[in-house]
Amino acid sequence: MSTQPTPLGTAGLDAQLVGQLNALASTLTPGQLAWVGGYFTGLSAQGAGAALPAAAGGGENALTILYGSQTGHARSIAEELNEAACEAGVAAELVSTGKFKEKNLKNVKHLLFIISTQGEGDPPDDALGLWEYLNSTKAPKLNDLQFAVLSLGDSSYEFYCKTGKDFDAKFEELGGKRLLDRADLDVDFDDGAEAWIPKAVAAMKEIIPEGAAPAASPAFGAFGATAPAVHYSRKKPLRTRLLACQKITGRDSEKDIRHIEIDLEGSGLSYLPGDSLGVWFQNDEELVNDLLGLLEMDPTETVHVHDEPKPVKEALLETFELTLLHPAFVTDYAELIENEELRKIAAETDSLREYVETRQIIDVVRAYPDAVAAEAFVALLRKLTPRLYSIASSQTEVEDEVHLTLGVVEYEAHGHYHLGGASGYLGHRLKEGEDVLIYVESNDNFRLPDDAAKPVIMIGPGTGIAPFRAFVQERAAQEAPGDNWLFFGNPHFTEDFLYQTEWQEFLEDGALTRIDLAFSRDQKDKVYVQHRIAEQANEIWNWIQRGAHLYVCGDESRMARDVHQALLDVVVEKGGQTLEEAEDYLVQLRKDGRYQKDVY
């Protein structure tokens, strides 16, 4: 909710300055307004002429809230934490690891650190510099630091919360004192974060003197894009309507890919190219009915959600995750029904991960049906979480709409048809004109260059094309002088060339400089985008030398790795570097914001 103050007096300020202050206030959340009020009160106490210090890094006695986030989840928790600290009267500075000056870490005394884990236990891109610094000979002694770490991850993966564990251990190794035990939160992190935030604030309030002021503004520059006038979030989404859901693959395509358009008129919701859209969804009623039957469960039986009673069918439709299987469910369900065969599967860690990868929850219950109590069953389930989709439009171009490019997850396995939770909801079950709950997740790690004259190379096969449609729309609308090069791939030219007409128009009017296509199954030997990169190695190196920014979007497990290797080969071959030097070169490009990934 925005706040537009009406000052009782202007204290000698001229009308223009009052107008500027009101304009600023209209962009801030209540917690940010509270912080700004406290901040300027602190400046007033320092006397006339006090200015905003230039260097961020935490005041002598203030709380520093530092977050590292790839998709935005850690950032959203950090913002909630900052609001809670403000409301508790704790002076706090909120800053991204990507904007934090590492050398100022030695000055931080009170730190709450929120960090996510990516891929094979890696830090998010914006935390790479800090992690490297802490593991270098430049790392400072942190004997005066009191800290607590909140770690985000996905327990379905082997390296669950590894980055948080690593930072937590490193802070202690360098002399820091752990104020709270590290908290590791899974993908359904809302309840855990809600419990951790007041504990962390209370612990800091006990040790931070009253009246302490942070050394620099947390909001100006730390958040990236200006906050929207109306603040929608994961917990407070916008209820709007689906405008269009159009299949954009051919009749004979192996894929069902949809172009989605959602209404934003009158909402005040804004976004930038590179951002993601969070979508809340309901589970498939047919899936829920199948589960209830297999478990011999009365649909009206009561379960408790946040201490509120609900019929179990309603809870399964609206509250609990039913499609994404994770190892803990297999283990816990085996114990609930006391099934020895399933216990053996759960006991073998490697085979359990393979078992989970090819199944949904319904597959486990179909294979091992049993009569169970509703309350006991829902206790095994994760809470439903919104899905994030790369936004496929520029608001400069489409104005009061937001577009997505969505691949419907559907397949036959274990003798049954399977449909993805959110993709099935958006692509099949939700009808045009019906309501949908959404919010924008800002992604400062996937942004067009500030300098519109810089060239960009975009690599996005399949639905990875989505953010690059937004990028080119934005560059075209701005008449940006920089060159734009797109690599796109899919199985077949005739069935799977997503937005073909648009790309042709962009080429004709010069908004798109060149496009290289890889349709893998249109010839005997499969051709993918990494092969096109290898073919164009010389020109790609020339673009990089001209300052090009590289972007990759799509599948993390295979495509992104293959593309990374192809780019390494380009640097080795055309740059005359060893493989180790080429790795360092690409790492530096990532730190400089010139090699960005949006992978899933």
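How many of the 15 residues of H3 are buried? In this predicted model, the count is 11 of 15, so that helix H3 is mostly covered.

**Figure 1. Overview of the predicted chain, with its helices and strands.** The secondary structure of the model, which is a predicted one, comes to 22 helices and 21 strands. Of the 600 residues in the chain, 52% are buried. When contacts between residues at least 6 apart in sequence are considered, 77% of them join residues that are at least 24 apart.

**Figure 2. Close-up of helix H3, residues 73-87.** From its first C-alpha to its last, this helix of 15 residues reaches 22 Å, which is close to the 21 Å expected at 1.5 Å a residue. The buried residues of H3 are His73, Ala74, Arg75, Ser76, Ile77, Ala78 and Glu79, together with Leu81, Asn82, Ala85 and Cys86. Gly89, which follows H3, has a positive phi near 80°.

**Figure 3. Close-up of helix H7, residues 285-294, and the helices against which its buried residues pack.** Within H7, the residues Leu287, Val288, Leu291 and Leu292 are buried. These residues lie on the same side of H7, because the arc that they cover around the axis is only 135°. The partners against which the buried residues of H7 pack are helix H8 (312-318), helix H12 (361-367) and helix H13 (374-378).

**Figure 4. Close-up of the packing of helix H10 (residues 340-347) with helix H11 (residues 349-357).** The axes of the two helices are 6 Å apart, and the angle at which H10 and H11 pack is about 105°. H10 is therefore roughly perpendicular to H11, since angles of 65 to 115 degrees are counted in that class. On the H10 side the contact is made by Leu342, Ile345, Ala346 and Ala347, while H11 contributes Thr349, Ser351, Leu352 and Tyr355. By residue class, the contact of H10 with H11 divides into six nonpolar and two polar residues, with no charged residue taking part.

Figure 5. Ser520 counts as buried because its relative accessibility is 3%, where the cut-off for a buried residue is under 20%. Apart from its neighbours within four places in sequence, Ser520 is in contact with Asn490 and Pro491, and also with Asp525, Lys526, Val527 and Tyr528.

Definitions and conventions
Residues numbered from 1 in each chain as written. Predicted model: local features only at pLDDT ≥ 70, side-chain atom pairs only at ≥ 80, totals over all residues. Heavy atoms only, no water. Helix = DSSP H or I, 4+ residues; strand = E, 2+ residues; numbered from the N terminus. Expected span 1.5 Å × (residues − 1). Buried < 20%, exposed > 50% of the residue type's maximum accessible area, 1.4 Å probe, protein only. Axes fitted to C-alpha atoms, helices over the stretch in contact; angles between N-to-C directions. Parallel < 35°, antiparallel > 145°, perpendicular 65-115°, else oblique. Contact = heavy atoms within 4.5 Å. Nonpolar A, V, L, I, M, F, W, Y, C, P; charged D, E, K, R; others polar. Arc of directions from axis to C-beta.
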